[in-house]
Amino acid sequence: MSNPLRFVSHRIEDYAMQVTFDPAKGTGTVIYNLSLIHQEDLDYALSVFRATCEAGVSPSGLIRVLHEGEDNDGYTIPSGHCGLLTLCSTTLDGLLVKRGIPFNPIGGGVVEVTENIPRRFTHLIKYESTTIDPLQVLISQEITSVLNVMQTGTGSLLGNIRECHMEAEDKVEEVLEELSESYFTGILDLGLPNTSCLGVAVDPQYMGVAALGGTNWIAALREEGVHVRMQAMKGVTDISRMEFITDM
């Protein structure tokens with residue numbers, strides 16, 4: 001019997017249940033993305049990642065570098081390549097689950113930014129309608145301008161959005177406040193109940209929460225012409241296995 005299709009919304013819910021990250025202690029498990037680059041591009045890739053973190057277009061400065069032949073959860077880095085594990089922004093959904101906050105993942109897309117202010121989603125792929133991560137798809141379309149945002153404050157970034165029940169508004173704000181003092185930042189907009197968030201409609205009695213995509217630095221690399229293969233939401237790892245790019 002063939003395996004049934006698994007839409008991204010189901011994967012997010014599965015991974016969210018495995019997140020144990022505690023922002024106050026800086027311990028626990030988080031969801032990660034895995035990117036493959038050629039060995040000779042490692043130093044440059046790290047410099048771009050560092051720059052996106054400094055510019056505030058990456059949600060976290062945590063990273064783990066794997067070299068050829070190294071194994072991670074059963075996946076071996078191929079010859080001539082390096083693997084870069086970075087924090088996936090859907091880790092936020094895991095924190096919501098941990099706090100008992102009802103949420104629905106909506107989708108991932110491209111966010112228009114003007115003078116460093118997020119304005120609206122210009123493209124959006126709904127998680128419930130795709131089996132491939134939306135940001136992975138959109139990066140391949142070459143419609144971002146992350147470098148422009150970093151240099152001028154105007155352009156387009158990758159982001160994602162979920163909706164939370166309005167009865168949990170206070171708890172959502174508590175989570176976001178804790179994250180602002182932790183290893184994870186990048187909240188683009190917190191919508192009002194029953195009001196669209198960056199142009200995306202939410203269900204009645206819900207509020208939208210939009211966040212930076214953890215793959216903006218990959219989009220920046222692609223814009224620079226660097227070859228990258230990305231696997232979004234590759235798995236879950238203990239945060240202690242990662243380190244800050246500023247310490248490398």
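Colleague: How many bridges join strand β1 to β11?

Modeller: This is a predicted model, in which local features need pLDDT of at least 70, side-chain atom pairs count only at pLDDT 80 or more, and totals for chains, interfaces and linings use all residues. Residues are numbered from 1 along each chain as its sequence is written, and side-chain values use heavy atoms, with hydrogens and water left out. Strands (E, at least two residues) and helices (H or I, at least four) are DSSP runs numbered from the N terminus, and two strands pair if DSSP finds at least two bridges between them. Strand β1 (residues 29-38) runs antiparallel to β11, and the bridges joining them number 7.

Colleague: In β11, which residue is the bridge partner of Leu-36?

Modeller: The open sheet of 5 strands has the order β11-β1-β5-β2-β12. Strand β11 (229-238) is one of its edge strands, pairing on one side only. The bridge partner of Leu-36 in β11 is Arg-229.

Colleague: Is Asp-93, the salt-bridge partner of Arg-162, buried or exposed?

Modeller: A salt bridge (a side-chain nitrogen of Lys or Arg within 4 Å of a carboxyl oxygen of Asp or Glu) joins Arg-162 to Asp-93, with the closest N and O atoms 2.7 Å apart. Arg-162 lies in strand β8 (residues 155-165) and Asp-93 in helix α3, 69 residues apart. Relative accessible area (1.4 Å probe, protein chains only) under 20% means buried, over 50% exposed, and in between partly exposed. With a relative accessible area of 1%, Asp-93 is therefore buried.
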